[in-house]
Amino acid sequence: MNSCRQFYRRIAYLVLLLIPGMFSAYSQNDDLVQEEPDTTFILIPEIVISAQRIKTDNINRPESISTINNLDTRLGTAMSTPDALDVIPGVWMQQTNLGGGSPFLRGLTGYHTLILIDGIRLNNSTFRSGPNQYLNTIDPLLINHVEVMKGQGSVPYGSDALGGTVQLFSKSPDFSTTGSELKGSLYGKYMSHSMEMASRFEIEGNSKKTAFMAGATIRKLGDIVAGGDLGTLSPTGYSEKAMDGTIKHRFNNKQLLTGSVQFHRQEDVPLYHKIENGDYSKYHFDPQQRLLSYLRLESFYESPLFSKIRYTASYQNSLEKRIKQKSGSTITDEEEDKVSTFHGSVEVFSRPASYWDISSGIEYYEDYVRSKASSTDEQSGETEVDRGLYPDGSGASNIALYTLHSLNLNRFSFTF
């Protein structure tokens, strides 16, 4: 009986709460209809590239694609590229140390989530299935905009994009329409308690046929000062520096050549959770760095079968050195891995009809891995050479052929 009374009492309360609102809505409904002006909402289409490897309208795409621009990275509170991506809905960023950050898309990370920089894979054959720190080797102040495609990435990009694709586009100089120009900019950031001190200098020059941009970033990140009574998380801070340069030249209206170099180096990066739990007295990445250089030639034609052909050749080198010492031990372990990646691709863009867009191509990646390790006893000074994490001198190659078609028929879109 008591439970029945409580149930009917709750129903009565609910009715009493709803009745005033119902009468108010009915009494004001006519006035609202009369006074409401005619309003037209215009959705500005956002152009994305990641879905079909060509520029498409994001509003009419079936894929789930989110974007951020450089203002979110520059002016926000982000201290790194993983911090900047953490604001995107559907992206969960795993960070157990300040110098890392691995995005989870559709519950997957590691080599199941593909990271691209200017259309070139950051992923290589040494990426593990679990979280990694390599997204943090991209300078956030170099990024112009980011596209994140959640799910469906394996169709246009391969099996390492099962969870999705994170594509970062670096800033690029523009050609001048009037005459030669030269300009520069200086960026600075300071955070209290020495949590962050960062500066970046950029210079850009352009003319009608040639444009270039160069920049350098220096950043010092201190230990994180946590909120509440958590105090300071130590050790978490590290230092980094980055340099980059891009030059573009158009030979005529039908050929555009782009060359770019990016270098990023982080030093003395602690793996906080390994040290905080007491297993290690030292566990640092020193250094952790990435080098990318590429040349890209784009040729434009009036043929519907070959509207544009893009040739890309790139070289990427990653270096990771881990210095570890277990608590209470006098043995210091050092592991060093170098991965050199060579890449070449040819992309063909076609438009046989106004409603039919095609992106086809072939791409090839080859990794060459150097890996070594050693253990040094601080008391005796003796050093023992060990096998590296990977077989020294090993390699891996990946070749892919693809063709992506998009049909836009009135209100229907088909992709295959």
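Before going on, I noted the ground rules. This is a predicted model, where local features need pLDDT of at least 70, side-chain atom pairs count only at pLDDT 80 or more, and totals for chains, interfaces and linings use all residues. Residues are numbered from 1 along each chain as its sequence is written, and side-chain values use heavy atoms, with hydrogens and water left out.

**Strands.** I took strands as DSSP runs of E, at least two residues, numbered from the N terminus. Two strands pair if DSSP finds at least two bridges between them. I then checked strand 16 (residues 255–267), which is antiparallel to strand 18 (residues 280–300) and joined to it by 12 bridges. Thr258 has Arg296 as its bridge partner there. Strand 17 (residues 269–270) also runs antiparallel to strand 18, with two bridges. Pro270 faces His284 in strand 18.

**Rings.** I searched the whole structure for aromatic pairs and got six. Rings of Phe, Tyr and Trp (its six-membered ring) pair if their centres lie within 6.5 Å; planes under 30 degrees apart are stacked, over 60 edge-to-face, the rest tilted. Tyr315 and Phe342 make a tilted pair, 5.2 Å centre to centre with 45 degrees between the planes. Tyr315 is in strand 19 (residues 308–326) and Phe342 in strand 20, so this pair ties together parts 27 residues apart in sequence. I looked up exposure next (buried is under 20% relative accessible area, exposed over 50%, partly exposed in between; 1.4 Å probe, protein chains only). Tyr315 is partly exposed at 27%. Phe342 is partly exposed at 46%. Phe412 and Phe414 are stacked, at 6.4 Å and 20 degrees. Phe412 counts as exposed at 56%, while Phe414 is partly exposed at 43%. I also noted a cluster of Tyr280, Tyr283 and Phe285, linked by ring pairs.

**Charges over rings.** Here I required NZ of Lys or CZ of Arg within 6 Å of the ring centre and within 35 degrees of the ring normal. Lys308 sits over Phe349, 4.8 Å from the ring centre. Arg121 lies over the face of Tyr365 at 5.6 Å.

**Tyr355.** Where is Tyr355 found? I placed Tyr355 in the loop between strand 20 (331–353) and strand 21 (356–377). Tyr355 is partly exposed, with a relative accessible area of 40%.

Notes
Helix = DSSP H or I, 4+ residues; strand = E, 2+ residues; numbered from the N terminus.
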